[in-house]
Amino acid sequence: MKKILRAFFIPLSFLMVFNLSAQESSDDMQIEDFDSIIDLEEGSDEKADLAEQRPLTILMAQQPLNLDIHTSTYSSEAQILDSLYDGLFSYDPKTLDPLPAIAESYKISRDKKRWTFTLRDDVTFSDGDKITAYTVRESWLSLLRTPGAPYASMLDCIKGAADYRNGLVSEKDVGITARNDKTLVITLLNPTAHLAKLLCHHAFAVCKVKDSGMTDTTVFTGAFTIQNQTENSLTLIKNERYWDAKNVRLPQITIQQSNELKDNSWKFNDGSADWISGMMDTNALLNKNTIRISAIFGTEYLFFSCKNKPWNDADFRNALLTAVPWDLLRQNSLVKASTLIYPLAGYQGVNGISETSPEDALEMMQDARKKLGIPQDEILTITFGISSTSERQKSQAELLKNAWEPLGVELKVQTTPDDRYIDSITGWNADIFSYSWIGDFADPIAFLELFRGGSTLNPSKWQNQKFDELIQKANESTDNGEHYKFLAQAEQILLDDGEVIPISHSISLHALNLQQVGGWYVNALDIHPYKYLYLKKAKVESAPNVI
């Protein structure tokens, strides 16, 4: 999921309580590592009191929302779409493990290449139409047919899926078969152990496909439906036709979009908002115990586009990386990143990028020029595409410009005012871009797919045959240790090729009073399904008078 670089203000005095290293531990550490997440409601058997339930208000960043499940990629949109649509599986709110959703049960063949799903009897769309195995099949075929659908290639593990989305075969050649209304069969090219986790993602949820082939965004399969939408707000109401409606507590959720940090904090203080996602001034919050900061399975990094010479050459890229002042580039990062992938438990053996040597960088650049016959005194131009509103990207550009000038490289900046900066990258002819990504499930493949040849999630167009072979081996392996070993080798190839500039691992920031709101848990992907939220019966203290 593409993550918005959400704005928030955390005063230095507040941050000093945090241990900023992802590798170290301390009694004062309050950034929660998702490999050892604290159960915020452990030991609580409190049930939702129906009399206490009322509309819940959430404040989040202001941005245009794309609520088409096949083309949406931002994490903030995923949070909403997970409440509007269900797939065969859905996320457990605490562990993110796959839970049966529209699929009541499933079985896997002995060779692990055939998954057979049995659908529930009582599943319908929000308009009352029945959902069948044929509906699921058509939803996925529609995804594969959708031009520019970012997650379509994640189904390449299914027989015929890659050829179908590339227009080489017909839909009858795709290994997605509806035997009858209740039975769906998926035939895979190879065993794919992470398939259940993958199918929790909103892109593979079930939607209604119109006769035109387009997704009907007015009909839903999830716990909520859209009642009203304006430029800066979205109102969701409980879907009474949802298959698990009896376990959905909240009658309504109002999402307000605002980038006014201090104003958002005061709305939270006076009870006008129940949850702030990212957009806040923590110094203005009266109850600091409501602040939730945690490490999540995400990374901010820069990557090279492989469109233009000589930056499509690894020797030139590595010369630039060796000149980068890494300490300065990462100095404002809470969790500094020398690798692309957050170090999950059991995933190891990757050597990160941290060494700076201007002298070595100059020699490497001279050797690279000699290899391609480029004169040593020729000024090379490299273009950094940034958002016109991002001060962070502007400062990164200035730092890199100063570091690369001694190598005879001139960094130029191109800007876009586009509110959806990351979506604009595909058609932009620049050499370096900024990216922030949260894995769609807690497995390294969720990041490495962004660089696999032929992937619809690969904006860089970087390709490496050995890398792709290792990804294939990892996907085929049913042994978790071997799976991680192949993926670590693949990440090492990516880093050694100088394709990415890791900066920081992501954190999430929320304001939420867990004495008042239940069903919300810290987790690796920062996904909090609205289906499980409820209001607790608790005494709410008034905010103190402040002059």
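A residue counts as buried when its relative accessible area is under 20%. By this cut-off C200 is buried, because its relative accessibility is 5%. C306, at 19% relative accessibility, also falls under the 20% limit and is therefore buried. The model described here is a predicted one. A search of the whole structure finds 0 disulfides. For readers who are new to the term, a disulfide is a covalent bond between the sulfur atoms of two cysteines.

In soluble globular proteins, nonpolar side chains tend to be buried together. The largest nonpolar core of the model has 155 residues, and L88, W140, I158, F204, W404 and Y530 are the ones that touch the most other members. Helix α13, residues 480-496, supplies the largest share of this core, with 8 residues. The surroundings of F204 can be followed residue by residue: with residues up to four places away in sequence not counted, F204 touches G87, W140, L143, Y151, M154, L155, L198 and L199. Among these partners is W140, itself one of the residues with the most contacts to other core members.

Attention now turns to a sheet. Four strands form an open sheet in the order β4-β5-β7-β6, and their pairing is antiparallel. At the edges lie β4 (103-108) and β6 (176-180), each of which pairs on one side only. On average, neighbouring strands of this sheet are turned by 20° against each other, with direction ignored. Between β6 and β7 (residues 183-187), the antiparallel pairing extends over 4 bridges. Helix α3, which spans residues 133-145, lies across β5 (114-119), β6 and β7, and runs at about 165° to β6.

S333 sits in the loop between α8 (326-329) and α9 (358-372). Once neighbours within four places in sequence are set aside, S333 is in contact with R392, I503 and S504. With R392 there is also a polar contact of 3.5 Å, which joins the two side chains.

How values were computed: Residues are numbered from 1 along each chain as its sequence is written. This is a predicted model: local features need pLDDT of at least 70, side-chain atom pairs count only at pLDDT 80 or more; totals for chains, interfaces and linings use all residues. Side-chain values use heavy atoms; hydrogens and water are left out. Helices (H or I, at least four residues) and strands (E, at least two) are DSSP runs, numbered from the N terminus. A polar contact is a pair of N or O atoms within 3.5 Å; within protein, one must be able to donate a hydrogen and the other to accept it, and residues adjacent in sequence count only if both atoms are side-chain atoms. Contact means heavy atoms within 4.5 Å. Two strands pair if DSSP finds at least two bridges between them. Axes are lines fitted to C-alpha atoms, for helices over the stretch in contact, and angles run from 0 to 180 degrees between N-to-C directions. A disulfide is a pair of cysteine sulfur atoms within 2.5 Å. Buried means under 20% relative accessible area, exposed over 50%, partly exposed in between (1.4 Å probe, protein chains only). A nonpolar core is a set of buried Ala, Val, Leu, Ile, Met, Phe, Trp, Tyr and Cys residues joined through side-chain atoms within 4.5 Å.
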